[in-house]
Each structure stands twice: as structure tokens, then as C-alpha cells.
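Biologist: Please pick one part of this model and take me through it closely, with the cut-offs spelled out as you go.

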Amino acid sequence: MAQLDTKIKLYAKANGVENIDFLSDVRLQDDGDGVVYIKEWNLSITEPTTEQIASYETAANEEEANNIIISTRKTAYGPWDKQLEEIYDNGIDSWKARILQIKTDNPKS
């Protein structure tokens, strides 16, 4: 199940809001029972209903899965200075082949 904050981000983006500060714009709360809910809504768009939030479940699951893949890819790519060193030492074609393999091994949905 996708996280509530991911679904809220998708809802907001669909309604013209690109950035959300979850410390001031939208505050989420868990009262210790594992149920996270919107405690405070300070965006210029209407607060979503439970049904509207639920409608973003599939898209949010895909977004979260892709974020994990992107993180995995970044780790595999290595830092920029090492990549530049690799290009200098082995050539751009070698670097491109390695990057392509990483993308092939870690496809986004």
C-alpha cells in the first residue's frame, strides 16, 4: 500500500501544486494506531476526500517503486567524480555501456 504523502503529492500535482512542505502545508498524523491521516491542510486547493486519495493508490505504488529503482541506479552509477574518471580512463563508450547495463538491470515501470 502506498504512503499517504505520495498520494497527496500526486493529488496536489494533478491540481496544479508542484511542491508541498509536510511541516507547514500539509501535516500528517499517526495517533499510534498505525493509521496516518491529514491533520492540517494549508494548501490553496481543496483537501481531498478519502475516495480521491484512494484513487491515487496505483499511481502512488508505481511512483514509490520507481523511486526505489532510481535510488538503486544512483548507487550503482557511483559518484560523478568517479564516473568522470572512468570516462577519462576507459572512454565514453565504455561508460555508456555500463550505464545502459545498470538501466537494463533496474528497469522503471
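Modeller: Let's go with R73, which sits in helix α3, a helix here being a DSSP run of H or I with at least four residues, numbered from the N terminus. Bear in mind that this is a predicted model: local features need pLDDT of at least 70 and side-chain atom pairs 80 or more, while totals for chains, interfaces and linings use all residues. Residues are numbered from 1 along each chain as its sequence is written, and side-chain values use heavy atoms, leaving out hydrogens and water.

R73 is buried (under 20% relative accessible area, 1.4 Å probe, protein chains only), yet it has no salt bridge, meaning a Lys or Arg side-chain nitrogen within 4 Å of an Asp or Glu carboxyl oxygen. The nearest side chain of opposite charge belongs to D105, 9.8 Å away. Setting aside neighbours within four places in sequence, R73 is in contact with I102, K103, N106, P107 and K108 (heavy atoms within 4.5 Å).

Helix α3 spans 57–77 and, like α1, gives at least two residues to the lining of the second largest pocket. A pocket is an open set of points on a 1 Å grid where a 1.4 Å probe fits, with protein on both sides within 12 Å along at least five of seven lines; lining residues have an atom within 4 Å of a point. This one holds about 190 Å³ of space, and E63 and N67 are among its lining residues. The largest share of that lining, five residues, comes from α1.

Key
Points joined across faces, edges and corners; volume = space filled by probe spheres on them. Buried < 20%, exposed > 50% of the residue type's maximum accessible area, 1.4 Å probe, protein only. Lys, Arg positive; Asp, Glu negative; His and termini not counted.
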